Amino acid sequence: MTQNLLTLSGVHTHIGAYHILHGVDLAVPRGQLTLLLGRNGAGKTTTLRTVMGLWRASQGRVVFAGRDITGFSTPQIAGLNIAYVPENMGIFADLTVKENMLLAAREAKRANQMDDGRLKWIFSLFPAVEKFWNHPAGKLSGGQKQMLAVARAMVEPRELLIVDEPSKGLAPAIINNMIDAFAQLKASGVTILLVEQNIHFAKRLGDSVAVMDNGRVVHAGSMKALAEDEALQQSLLGLAL
Amino acid sequence: MNADQLSQDTNIPSAGSAATAGVKALTMKRLEFDWQPLLLVPMLALLVLPFIGSGSTWLTLTVAGLAMGMIIFIIASGLTLVFGLMDVLNFGHGVFIALGAFVATSVLGVMADWTGSQELWRNVVAVLPAMLVAMAVAGAVGLAFERFIVRPVYGQHLKQILITMGGMIIGEELIKVIWGPQQIPLALPEGMRGSLLVGEAAIEKYRLVAVVVGLAVFAVLAWTLNRTKIGLLIRAGVQDREMVESLGYRIRRLFVGVFVVGSALAGLGGVMWGLYQQNVIPQMGAQVNVLIFIVIIIGGLGSTGGALIGALLVGLMANYTGFLAPKLALFSNIALMVAVLLWRPQGVFPVANR
């Protein structure tokens, strides 16, 4: 069995006339939390969307659990037990919190068919989800929507959780709550791939890290090593952690 | 504790966490529903009452308007979902209306003994298969229409308008080939003719039938959309189809299903409209097309509830102006649409994320 749950090899992606990814090589080790760092416009979101089949790789291979998924459609990819939280959170504003959760629970036809034990665990991580269970999701605050987005991604067990900037726009106190949630998720054995700009967030959670620039991965290694090497941080990210 | 019961509990012990701060920051009522658009229909009806003068005439016109509105709703409900789900502007929707009506002339033609009966149950036995066959034929043609005409132009609005209008023209010509170019009478079954007297107001029986059928269609649609997982997927897909796909659902299949059901409902609406007008012509779909686009724009593209409000407003407005100022009949509906859009530019029930 491969150690890497997800591998991208030489992936190129075009969006219309624009060539965004220029041969991305990325490995996401099984059971770890991998962070994808980089400046704005480096290609992080495009990489995640390419993995999910929302944009097609024009060249290269995406392999998940030993299976080439490069040409798969988005529903096929999601069907392989991959959960995705996009940058805009993808909350269905007109649906209630309960309905948002039910949609993600593919096995359940009705709310009372969702796994109670798992829901209780999710509620303990994100009390707002329980509090506003029957409220329209569009009425939640930004932080609560982000909690719902992550909660929705974990409503059923998944092998890989892909999250695009979970801390974006959140108050520092809520970010701590989110960090706790990801730490618990990681402890449950889920492999996680996070795009993150918040260095505090990255430092506390990351096992491995890949830094992107100009549509390529320019550094890959352990988060610990990057956190300890200020010179490397300066050269890769233009800042010290 | 099951998930439904969880909703009842809003007294969660303080977690002492940051999330709790976020929770406290937001105080809101349980499910908030926007009731204002629902008031438009009674407001319009009451507004014209002084101009009409006679209460019995007003009642007759109001029931006629509601009946017409219900038929338009049956036709428009599928179209608004088709647009909402896949951003498809189907200007060919009218062809399914005409197709349903012409199929009904054939089915009812062979059941003349039943439609000619004075007994209402025999009339219903005749009309019901006409509706079902019309829906089946319109649905089947809708399946082919989606596959060969709509699918190649996903995401290209201008091409959608052109090719679906072309599809409707071809459909009209094929109807002429099969049934002939002339107007065909579609008489009401005996038991549905005539009027009931409510005080001094004469209420045509068929208009009551149309209201009942319209309400039944609305009830089934509302139940499906609000109480089933398929309905949940449709409502979610209208808001953000990419996210629905990211959750593992094949939205294209869902869309094909909605397109077929929408076509079948247009076929049903065609039968109802044909019986309402008591004749059918191949161009009837194009005539109704204008009204249904006004309806779905008033309602908010993608909103079924909005389509109902829009259809009732259009039906009432057409009947009131037909009585008060016949020359303004078509203009009045466009003026209604403009007035609604000045109030709510996205329609009475705007769909989120659109």
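Which residue in β3(B) does B:Leu196 stand opposite? In β3(B), the residue opposite B:Leu196 is B:Ile203. This is a predicted model, in which local features need pLDDT of at least 70, side-chain atom pairs count only at pLDDT 80 or more, and totals for chains, interfaces and linings use all residues. Residues are numbered from 1 along each chain as its sequence is written, and chains are lettered from A and ligands numbered from 1 in the order in which they are written. Helices (H or I, at least four residues) and strands (E, at least two) are DSSP runs, numbered from the N terminus. Two strands pair if DSSP finds at least two bridges between them.

**Four-stranded sheet, chain A**

- An open sheet of 4 strands runs in the order β2-β1-β4-β5 (chain A), and its pairing is antiparallel.
- Its edge strands are β2 (18-29) and β5 (67-68) of chain A, each of which pairs on one side only.
- Helix α1 (residues 44-51) of chain A packs on this sheet and touches β1, β2 and β4 (57-64) of chain A; contact between two residues requires C-beta atoms, placed from the backbone, within 7 Å.
- The direction of α1(A) makes about 70° with that of β2(A); axes are lines fitted to C-alpha atoms, for helices over the stretch in contact, and angles run from 0 to 180 degrees between N-to-C directions.
- Strand β1 (residues 4-15) of chain A pairs with β2(A) in the antiparallel sense over 9 bridges, and A:Asn4 stands opposite A:Pro29 in β2(A).

**Six-stranded sheet, chain A**

- An open sheet of 6 strands has the order β6-β7-β8-β3-β9-β10 (chain A), with mixed pairing.
- Because β6 (82-85) and β10 (216-222) of chain A each have a single partner strand, one side of each is left without a neighbour in the sheet.
- The twist averages 15° from one strand to the next.
- Strands β3 (residues 33-38) and β9 (residues 208-213) of chain A run parallel and are joined by 5 bridges; the bridge partner of A:Leu37 in β9(A) is A:Val211.
- α1(A) packs on this sheet too, touching β3, β7 (160-164), β8 (191-195) and β9 of chain A, at about 145° to the direction of β7(A).
- Helix α7 (residues 172-187) of chain A lies across β3, β7 and β8 of chain A and runs at about 150° to β8(A).

**Strand β6(A)**

- β6(A) runs parallel to β7(A), with 4 bridges between them, and A:Tyr84 has A:Ile162 as its bridge partner in β7(A).
- In a regular strand the side chains alternate between the two faces of the sheet.
- Both faces of β6(A) are covered, with A:Ile82 and A:Tyr84 buried on one side and A:Ala83 and A:Val85 buried on the other.
- A residue is buried if 20 or more other C-beta atoms lie within 10 Å of its own, exposed if 12 or fewer, and partly exposed in between, with C-beta atoms placed from the backbone.

**A:Phe201**

- A:Phe201 is found in helix α8 (residues 199-205) of chain A, and it counts as buried because it has 21 C-beta neighbours inside 10 Å.
- Not counting residues up to four places away in sequence, A:Phe201 touches A:Ser167, A:Ile175, A:Ile179 and A:Glu196.

**Chain B**

- Helices α4 (residues 55-86) and α12 (residues 251-277) of chain B pack at an angle of about 160°, with their axes 8 Å apart.
- Strands β2 (residues 195-198) and β3 (residues 201-204) of chain B pair in the antiparallel sense over 4 bridges.
- Their hairpin has 2 residues between the strands, and B:Gly199 takes a positive phi near 65°.
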